[in-house]
2 protein chains.
Amino acid sequence: MDATPLYRQLAAHYLDAIRAGSLKPGDKLPSLRHLMRQHGISLSTALQLCRSMEGEGWVEARERSGYFVRRPRRLSMAPMDEPAADRAPDPAQYVGIHAKVSDFVARRRQVTEKIDLSIARGAPELYPAEALRNAMTRLLRRRPGMLAVAAPLKGQRQFREVLAQRSLRAGMTLSPEEILVTNGCIEALNLALRAVAQPGDTVAVESPTFYGLLQVLESLGLQALEIPTSPQTGLSIEALDLAIHTYDNIKAVVVVPHLQNPLGSVMPDAHKARLAHLCEQHAIPLIEDDTYSELLDAPVPPRALKSFDASGNVIYCASLHKILAPGLRLGWITAGRWQARVEMLKFAQTRNNEALSQAAAGEFMATGGFERHLRHLRGCLKAQREQTADAIAGFFPSGTRINLPPGGLQLWVELPERLSSWRVFEAALAEHIVVAPGALFSNSSRFDHYLRINCGWPYGEAVDASLRRLGAIATELCRALPGAARAPTAAPAAPARPASDGTGAAASNRASTVSAEPSSAA
Amino acid sequence: MDATPLYRQLAAHYLDAIRAGSLKPGDKLPSLRHLMRQHGISLSTALQLCRSMEGEGWVEARERSGYFVRRPRRLSMAPMDEPAADRAPDPAQYVGIHAKVSDFVARRRQVTEKIDLSIARGAPELYPAEALRNAMTRLLRRRPGMLAVAAPLKGQRQFREVLAQRSLRAGMTLSPEEILVTNGCIEALNLALRAVAQPGDTVAVESPTFYGLLQVLESLGLQALEIPTSPQTGLSIEALDLAIHTYDNIKAVVVVPHLQNPLGSVMPDAHKARLAHLCEQHAIPLIEDDTYSELLDAPVPPRALKSFDASGNVIYCASLHKILAPGLRLGWITAGRWQARVEMLKFAQTRNNEALSQAAAGEFMATGGFERHLRHLRGCLKAQREQTADAIAGFFPSGTRINLPPGGLQLWVELPERLSSWRVFEAALAEHIVVAPGALFSNSSRFDHYLRINCGWPYGEAVDASLRRLGAIATELCRALPGAARAPTAAPAAPARPASDGTGAAASNRASTVSAEPSSAA
């Protein structure tokens, strides 16, 4: 027996229609009378159905006309601000991120999450596990001896050839000999930083940036200088230029030019050219982390920063586990003038990588199946990002802002300014929902009211329910802030509607702070 | 058509009989008359046969009695000296090993070797590739999704359980939670050193030690303090004690207690207890590298240093690629009081390991097949070490010394003192034979006249021929040394016999410096 109330079952049916596009923004929902007749339900149930959909932001009531499918609310949200780049950034500091991350990890270990929205990774079903499995099985049958000999130090030849060939699409001309296979992009970044910087040195990074990078810096005894970064165009070249002239001690710059984590920004080619030139001019090694570019909604990847490098000053790092298979630890690096040193460090750090996954990845990536997989993955992620953004727009408190990035696995969500995302994290965790608080993405407190939300999961009931609760939690915490009446939002606050429609306080709170004039349909 | 001269073919036949034990030390070779009749050969050929076997040290002529199978020559070789431990070792220094290793690597890349005697690794056929392949294929069939999800950060649970259980045999009581899977032992050592020492710090190591460790130290900016180490009992505790009191700046001690690389020494339990106590007393972290203990000729492994640790002061590192499969990069670490820091560093350095090889190794190691494999591996290596030692005793110049270790993959060979092993390496490389010169195993010049020889290859013609040439090369270089007549050897030098027996200068040179009184059989 299905315990879901009838009106919820029907709401799900109409939501499917909206999501599938058979009911488009502006379309009219069937009238109450029509709904009663068609589904054999009472007026009360038909009303519950419409109000719950209204409460969730999917439809809006127009006086005397009925309920209409809304334009995605996110389209009307205010975009995030561009960062100020006209003042020198705060001086570099030891990041102190381990304590935060450890705290975060220790806490989330205490619960079995319903769904993990804190990671930046696609759901297993988005990846071609079966094709890779078949490639591995074939390889094991053909070359069982592979397990009994050490793989080549630089990596499997065929795999490096495929990487070299694919990198042409990003404007890089590499020989397989210039490619070194690593244990994920994170090892590549470690090697790059160890090659060019010494403990105590200062490294310029984007702000915010992914906590993995901050951890690498901290573990290597490096100091992070956080450079203002645009949610649209990435690292501010002006701010970096200013920082270079202000501090004169920057030993490396690390940049994620495409689908920056967590912002999702994409650096325009002109910026990349300027950045490569600026770093070359000042003899500052430029480290490019290109983990995400294949997830950009485009048939070919953007030009790599490395493709603007004339002198070997750019160290390029990338990996496959976000685009090919999260179970593989395959990264790679091409290190320009530091290639020999990076190879030596890799040898001293972990020796060669195992052969099997390289060989299987190399085989699969040489087939058309890889491009088909990427197209499918991009399509799924695009839909999931939009659905997640719609849900956030629908469920989160007024004043919430997002930029919908043109690709990738996550959304960077700005909560109303005084709302601590750490508190949101804690309250959500108590309900077994895990999100990544903004405090993890910077050593400053600038992003303490941000959240990073994973969009890697196919959008279904579990994700929807989690985002709804998350929105409710944020809204509740927002209302509990001192002086909440003067909430920093342009939308006028309306009194909370009683939760008579059965969707609970969450939806009605959201509705109260978002809809200017809730009206019921005739 | 076989181009091998007839007498060589017959010599190979009798050598097989000696190696197989059907002709034992002390047994008489058939008389010349008997040989002529049995094989239908001339007296001249029968004499060539006997003299070539005598020249290679397999038989000795007794006047008027004939040729007799010799006792293995190595049994009569002088053992290596114990190191002097009564003076403080030289101060610690930056190792400067990378340049040497890079030079070594660059040179050996120039040739396609006939056989690589420079590594410390078993031949592929010594490892259970098929059993592991089957385990992998089964796992991929059962759990294809494994490729699409990230493996647990600490490692696969079942694999860690097997490791914890097996470590009981070495006297360690570990929970799987205390075990962290790494990319080989080399990553474990990196993490251990990074956890306890900072760039510029001094770390005490065995002297000689494997160049991989010296590279790790150098790449981390650590200084190596080389502690005299016995070829029999390993690190000199007295010398370490003296060094601790002399320098007062040692931040860690790294020890390979069992089958030390390159010496093959095995530390007695009493030494281990004293070492653990000494380090604890001075609050110096003790890092144990236990890569080889399963290769000891014994049914159970020796007690780990870690089993003498009462306070979490010992960090234990080990790996499987020398004992289970060189194609897998599976190491592990249990880090006592530094466990949390090591886990953080591992996360920041390479994240989790891939799941498949852990799961396959865990499955195989839980079966009786693993113990059977180990017994077989130990047996093969024992035979190969003895055959290699015999060959070295037979072919190398007088004054050469070896200790036959009670297990493991290699022999540490001391050449006559003024003979540079780097020159031997270069001359051998010109003939496509690769060995590891002693200069790679220390920052001092103390081991410049040593070689490490891999015994991982099944002893066959290729290995035999390579060792023969290596001996000849060393002998030639020895003779070319200024004042070679006063060679530092106890054996009286005899005039070189003309290479009339067709085995070339090598065998006759060797014979000339080894056999006191060559005689021909009647």
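D248(B) sits in the loop of chain B that runs between α9 (237-247) and β8 (250-255). Keep in mind that this is a predicted model. The phi of D248(B) is positive, near 55 degrees, and the residue is not a glycine. That's worth a look, because most residues other than glycine have a negative phi, and most peptide bonds are trans.

P262(A) belongs to the loop between β8 (250-255) and α10 (269-281) of chain A. You'll find P208(B) in the loop between β5 (202-207) and α8 (211-219) of chain B.

## Where the chains meet

Now for the interface. Contacts bring together 47 residues of chain A and 47 residues of chain B. The buried area between the two chains comes to about 4,100 Å², with carbon and sulfur atoms giving 61% of that. As for salt bridges, the count between chain A and chain B is zero.

One helix pair spanning the two chains is α5(A) with helix α5 (residues 129-142) of chain B. Their axes lie 10 Å apart and the packing angle is about 160 degrees. An angle over 145 degrees counts as roughly antiparallel, so that is how α5(A) and α5(B) run relative to each other. The crossing of α5(A) with α5(B) is left-handed. From α5(A) come R133(A), M136(A), T137(A), L140(A) and R141(A), and from α5(B) come R133(B), M136(B), T137(B), L140(B) and R141(B). Sorted by class, the α5(A)–α5(B) contact has four nonpolar, two polar and four charged residues.

## A salt bridge across chain A

Over all chains, the structure has 57 salt bridges. One of them pairs E363(A) with R142(A), whose closest N and O atoms are 2.7 Å apart. This pair ties together distant parts of the chain: E363(A) is in helix α12 (residues 355-365) of chain A, R142(A) is in helix α5 (residues 129-142) of chain A, and 221 residues separate them.

## Helix pairs inside chain B

Back to α9(B), the helix on one side of the D248(B) loop. α9(B) packs with helix α10 (residues 269-281) of chain B at an angle of about 10 degrees, the axes being 10 Å apart. The two helices, α9(B) and α10(B), are therefore roughly parallel. I237(B), E238(B), L240(B), D241(B) and I244(B) of α9(B) make this contact with H271(B), R274(B), L275(B), L278(B) and C279(B) of α10(B). The class tally for α9(B) with α10(B) is six nonpolar, one polar and three charged residues.

By class, the contact between α14(B) and α15(B) has seven nonpolar residues, no polar ones and one charged residue.

Key: Residues numbered from 1 in each chain as written. Chains lettered and ligands numbered in written order. Predicted model: local features only at pLDDT ≥ 70, side-chain atom pairs only at ≥ 80, totals over all residues. Heavy atoms only, no water. Nonpolar A, V, L, I, M, F, W, Y, C, P; charged D, E, K, R; others polar. Contact = heavy atoms within 4.5 Å. Buried area = accessible area lost by both parts, 1.4 Å probe. Salt bridge = Lys/Arg side-chain N within 4 Å of Asp/Glu carboxyl O. Helix = DSSP H or I, 4+ residues; strand = E, 2+ residues; numbered from the N terminus. Axes fitted to C-alpha atoms, helices over the stretch in contact; angles between N-to-C directions. Parallel < 35°, antiparallel > 145°, perpendicular 65-115°, else oblique. Left-handed = near helix turned anticlockwise from the far one by under 90°.
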